[in-house]
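Please examine the following structure before reading on. The paragraphs below lead from the contacts between its chains to the aromatic rings.

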Number of protein chains: 4
Amino acid sequence: VSDEPPRVAPGLLAPLFARGPVGELVSEAAWLRALVEVEAALARAIGNPDLADAILAADIDLAEIAQETAQTLSPLVGIARRLREQAGPAAHAGATSQDIVDTATMLVVRRACAPLLADVRAAADAAARLARRHRDDATMGRTLLQPALPTSFGLRAARWMSGLDDAAAWLQSVLEQDLVVDLGGPIGHGDPALAAALARELDLGDPGLSWHSLRLRPARLACALGGVSGILGKVARDVTLLAQPEIGELSEGDASRGRSGSVLGKNNPVAAISVLMCTRRAPPLVATVLAAMEQELERGAAGWQIEWATGSELLSLTGSAAAWARDMLEHLQVDTARMARAAGERPDLGWSGVLVDRAIAARPAGRAA
Amino acid sequence: VSDEPPRVAPGLLAPLFARGPVGELVSEAAWLRALVEVEAALARAIGNPDLADAILAADIDLAEIAQETAQTLSPLVGIARRLREQAGPAAHAGATSQDIVDTATMLVVRRACAPLLADVRAAADAAARLARRHRDDATMGRTLLQPALPTSFGLRAARWMSGLDDAAAWLQSVLEQDLVVDLGGPIGHGDPALAAALARELDLGDPGLSWHSLRLRPARLACALGGVSGILGKVARDVTLLAQPEIGELSEGDASRGRSGSVLGKNNPVAAISVLMCTRRAPPLVATVLAAMEQELERGAAGWQIEWATGSELLSLTGSAAAWARDMLEHLQVDTARMARAAGERPDLGWSGVLVDRAIAARPAGRAA
Amino acid sequence: VSDEPPRVAPGLLAPLFARGPVGELVSEAAWLRALVEVEAALARAIGNPDLADAILAADIDLAEIAQETAQTLSPLVGIARRLREQAGPAAHAGATSQDIVDTATMLVVRRACAPLLADVRAAADAAARLARRHRDDATMGRTLLQPALPTSFGLRAARWMSGLDDAAAWLQSVLEQDLVVDLGGPIGHGDPALAAALARELDLGDPGLSWHSLRLRPARLACALGGVSGILGKVARDVTLLAQPEIGELSEGDASRGRSGSVLGKNNPVAAISVLMCTRRAPPLVATVLAAMEQELERGAAGWQIEWATGSELLSLTGSAAAWARDMLEHLQVDTARMARAAGERPDLGWSGVLVDRAIAARPAGRAA
Amino acid sequence: VSDEPPRVAPGLLAPLFARGPVGELVSEAAWLRALVEVEAALARAIGNPDLADAILAADIDLAEIAQETAQTLSPLVGIARRLREQAGPAAHAGATSQDIVDTATMLVVRRACAPLLADVRAAADAAARLARRHRDDATMGRTLLQPALPTSFGLRAARWMSGLDDAAAWLQSVLEQDLVVDLGGPIGHGDPALAAALARELDLGDPGLSWHSLRLRPARLACALGGVSGILGKVARDVTLLAQPEIGELSEGDASRGRSGSVLGKNNPVAAISVLMCTRRAPPLVATVLAAMEQELERGAAGWQIEWATGSELLSLTGSAAAWARDMLEHLQVDTARMARAAGERPDLGWSGVLVDRAIAARPAGRAA
């Protein structure tokens, strides 16, 4: 496999839209690697480990492959031909292009979601620490952007924590359910034993039927990413509002960041705003994947290509939002004195303390603050 | 509660967009009923069954309530005032408007999803019968809208079945996880024991924390509806393609239906097309609900109202699509002779038969064809 | 034509999502009226005014028609049959269902957009008055939700004005271009002279070719509504932010409105929030109409029905947002003293005054403040 | 300006999603070039041509700049600092980051739309030639995916032509209206004479007011691209349907293309399918830009960055769809014999011929077939 091809993410805005490791893990190079690994695993599944090694050693030029895609709609046609030439005629046997792409998608998703989930969970942990630390610190509760009644900042942070934990669990449960191989062959009725063997090789599930044009799995993944993104956006929106100097209860901790280029002394909440840039792009991309479920007959005309491109973008944006949100929450500065002033004298914090304790105690195994 | 108010669904196109019982179950009357039932359950939860009875007996004029919503952003303000006047001052105690709306949403969703899921499952059952009946009937497999290789029609139907079963399971699992009360009081730190009691009264879950501005539950429901919709659309698209007279392998069974108004002898696949009308409207609505997750602080400025309206529409459209798809699959006419001709002589059906058997055997409990 | 059928808009939230006259103008009754008027105009176009009168006098039961739609995919089949029975066999001659629907759409759009545009322009006028009145009143300019540098409130209001004027002009120009008849007959090659005559009867344009499956017109209308909605949302977002009591520079003028149901003394900016409820639902609906442009061959399978339903909703939501925004801007309370304090001493207002004067002078004919 | 940075478009699928020149014209390098050109034009506008030359000669490392964006939310902060260091302290004077970005956006859009429009118009010309050549060739008209009545293939092609011409005119009119500079300075009340001078330098319009948070222009551009995309998708959908071998009336002319990787003899309509891959991703991106119109106060928190990324993608996808559609229409193979057989004996072509002639005659200046 040739050298690092260009990154998908746009360079000038990459720090905003593709922060953290996820961008690399959905790059062209990562996709190409995953595709070749699936071809190698398929060779092992048919009992040909030497072929697998030859496949992994093959020299495949990404630019050449890409050029041929214009003739075939799929980079796999070119890849498979090269593998047959370089590694042996048994390469790619029993598979159709989409088999390799669908299965490689699962490898890419698994790899990209690991750091993404780690960042969401670290953000939840940071929120849990805020919840515990500020369990009894009064703040003004605000509804419809208006001060309403006092509550505790710890409870607000516990809600962030709970939302982030819940979103991570959503994505985790989809990964546990949907990371499966696809191996139906040209028309989807290939040998199920081969699919099962491929699944074992790659430590993926066996779906029973090929899902060439049954796209619930990509849809569920896109939805879970949309949900993670939605919660990240909610937390970031709260931070931008509370960081308004007229409220002034929160600020981002990295003092070297956020200085305005044109206004002296202004300090923008860079992390929170970057989260919002990412999360606001996500919902329409989920709609794209859902709309792409209408795939014709045995294999659709414009299906997995749309999912590949849109799903990569959704992973990269959600991963970036998670990285920014973790940074934001881990360095958040809380002005409890100002919060207390806004909450007024003898604020009634209701059951806040108990609710915080219970929420922390109810966290997923091993994650109490 | 006053007489039946107007239906949400547009009358002239209601047979297309709001077929079946779901439309009624998300109507204005259904919402009002659910809201009042939550208020009554809250009265029982505080140990006041007489108040609950009085609440259920109260006379509430939907039009009057609606008028006041323009002053308050929430019909609950008007409803709560009337309940206090008519049933007693303890009505609505401990709750904020959104508590009642969020909890009533869950009642509405539970009621609407019952027939919706029944229709999806009946459609899956019909597909299972097709799969079994046509287990060994050859058909031309088509990829990218081009004939590719022969396969069995039974396997195609088994895939429809599998997709429909899987989509139903998705929605079912969300219902099992997310049907919970919301009872946080004005600022979200109310007595958790009261929330638990309300949950018991309504046979809903207890979320631990109020979710006034943590909107993963509505998002997950919307996503699952989007997924159900996506699979229904996939099956319907297949039927419209195979019902093209030039292919002519399938037709809708109801001969009195689909006659063109302007072209004699033409017979449109009305059910399949109606499914597509509904399912193509769904993905952007899911995006609306996901985008609405960015709700500010303790309660957002424009949140649950967007979810109420959009969610009702999504339920109604998905329910209509499910009713149409069930009708379509239960009455599908299969021209096996024409399929066989297109498949050619001695078609190789690969592992089709085994795959059909395994797919049917793997169906959820008690649903084998 | 029978009595008033049910409104499309949901009753309990109708004051939020369907304020003002537009909701009625896209109701079932309004659509049915427009459909019948087009049939009558067609009768006049073929030189049969008596038939036209008989058509207008026909008794058509909306519920009956709706029922038949389930057999035909189009309410026009039932309407045309009744008109032939009641008014004469020449009714509907030369037209296909979609001809009548497309042309009636244009009547509905024209009627609905009149008050919608009037509200947008009245909102722009109110902004123009604010711009003039506060031409030299300092306020703190805010970027990225942070105070940046002083500017004038007049200039901020002038920008609202300019945006609203520009959005109205966008919609107006689409109406001028796209309000045309459609009359192609069953397969789209009907007599162009008849289409021209129908256009004269209805004071609509003549498109040259029937646009049964060429959907640029509905797309342009949806886009313009999305643009109007976007600007209304921008202005409303500004008001919600400046109405935060911690900033406290603006408030909505109607003191009887916005009182919280659960928090004494709280005053929610009801109009601004209602605008946002509407405008945030618009962009995905525009996407629905754009995606629906992919209509097959001479007439698509699931086309105009999606546009009818989605377009009605988009009109109603944008109309409601416009009505709320007009109310908001016409009654806005400006606290210039508080603005001045936030702007600091001797604020540099740059070219604000000149820019306000020029912007007002550049308004469309006759609309200077 | 340093060497070519990585392309935005994903390499392996770039031939599908980024065919033609538009991808390059919205690449990172193209954006950086446009940003620097605006800075140089600003130097000329303040009467300092030497500074402009020095700006154009500056050495700016894209990777370095990108790194700083993580601190500032805008690559312009880093660019401006380097220009001040390398070209002189007067660089970037009077401008804020977003001024340069907004104005550079217009340069990028102008450059990207030139080949995009050329391809749409060439596709329309190809359709016009088909219309003229097949003016009197009968074909079966198809509605709701069912054969309906005969018509002429020339009329179908004339409709494609008309839709493509109309879409091109839409985009053209937006370019004529909306290609303007933005130069408001840090808070939007800068010297209007300087904006006018910058406009003259760049041959762009003068908007009167800065549009930092008034986003009708990006919205109108996105909508027009969505409209162009919608028509391209419509034509491509028609081709995929008529290229089904069971209908077999059209095929793509490039015989070396579209051969299946796994099925011998199969020939996929690669160009038509590639168009659909692009066009189905467009509508949700339009929704993203419309939703991003809700930008706060003087400058929004997450605004232009979303437009930059989404708009670049929309341009690239629409440009790719246009390049594919042109290729598809310029090489379309028409089987008139098969069309004639499907149309039956003595088909009534109605006013088809006249309609074709009139449609061609009504084309924009100089484009008759």
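A polar contact is a pair of N or O atoms within 3.5 Å; within protein, one of the two must be able to donate a hydrogen and the other to accept it, and residues adjacent in sequence count only if both atoms are side-chain atoms. By this rule, 30 residue pairs are in polar contact between chain B and chain A, both residues being at pLDDT 80 or more. The structure is a predicted model, in which local features need pLDDT of at least 70 and side-chain atom pairs count only at pLDDT 80 or more, while totals for chains, interfaces and linings use all residues; side-chain values use heavy atoms, with hydrogens and water left out. Residues are numbered from 1 along each chain as its sequence is written, and chains are lettered from A and ligands numbered from 1 in the order in which they are written.

How are chain B and chain A related to each other? Two copies of a chain are related by a rotation about an axis and a shift along it. Here, a rotation of 180° with 0.0 Å of shift along its axis places chain B on chain A with an RMSD of 0.0 Å, the superposition being made by least squares on the C-alpha atoms of residues with pLDDT of at least 70 in both copies. This is the relation of a two-fold axis.

The contact between these two chains (heavy atoms within 4.5 Å) takes 72 residues from chain B and 72 residues from chain A. Because 100% of the interface residues of chain B are also interface residues in chain A, the copies meet through the same surface. The size of an interface is often given as the accessible area lost when the parts come together. Such buried area is computed with a 1.4 Å probe and summed over both parts. Between chain B and chain A it is about 6,200 Å², and carbon and sulfur atoms give 68% of this. Arg159(B), His189(B) and Leu297(B) supply 13% of the area that chain B buries against chain A, more than any other three residues.

Charged side chains also join the two chains. A salt bridge is a side-chain nitrogen of Lys or Arg within 4 Å of a carboxyl oxygen of Asp or Glu, and eight are counted between chain B and chain A. One of the salt bridges links Arg156(B) with Glu298(A), whose closest N and O atoms are 2.9 Å apart.

The next interface is that of chain A and chain C. A rotation of 180° with 0.0 Å of shift along its axis superposes chain A on chain C, with an RMSD of 0.0 Å. In chain A, the C-alpha nearest this axis belongs to Glu246(A), at 2.8 Å from it. About 2,000 Å² is buried between chain A and chain C, 59% of it on carbon and sulfur atoms. Leu145(A), Gln146(A) and Glu246(A) supply 31% of the area that chain A buries against chain C, more than any other three residues. Glu246(A) also meets Arg142(C) in a salt bridge of 2.8 Å, N to O. The count between chain A and chain C is two salt bridges, and six residue pairs are in polar contact, both at pLDDT 80 or more.

Finally, the aromatic rings may be considered. Rings of Phe, Tyr and Trp (its six-membered ring) pair if their centres lie within 6.5 Å; planes under 30 degrees apart count as stacked, over 60 as edge-to-face and the rest as tilted. Over all chains, 12 aromatic pairs are found. Among them, Phe153(A) and Trp160(A) are edge-to-face, with 5.9 Å centre to centre and 85° between the planes. Both Phe153(A) and Trp160(A) are buried, where buried means under 20% relative accessible area, exposed over 50% and partly exposed in between (1.4 Å probe, protein chains only).

Conventions: Buried area = accessible area lost by both parts, 1.4 Å probe.
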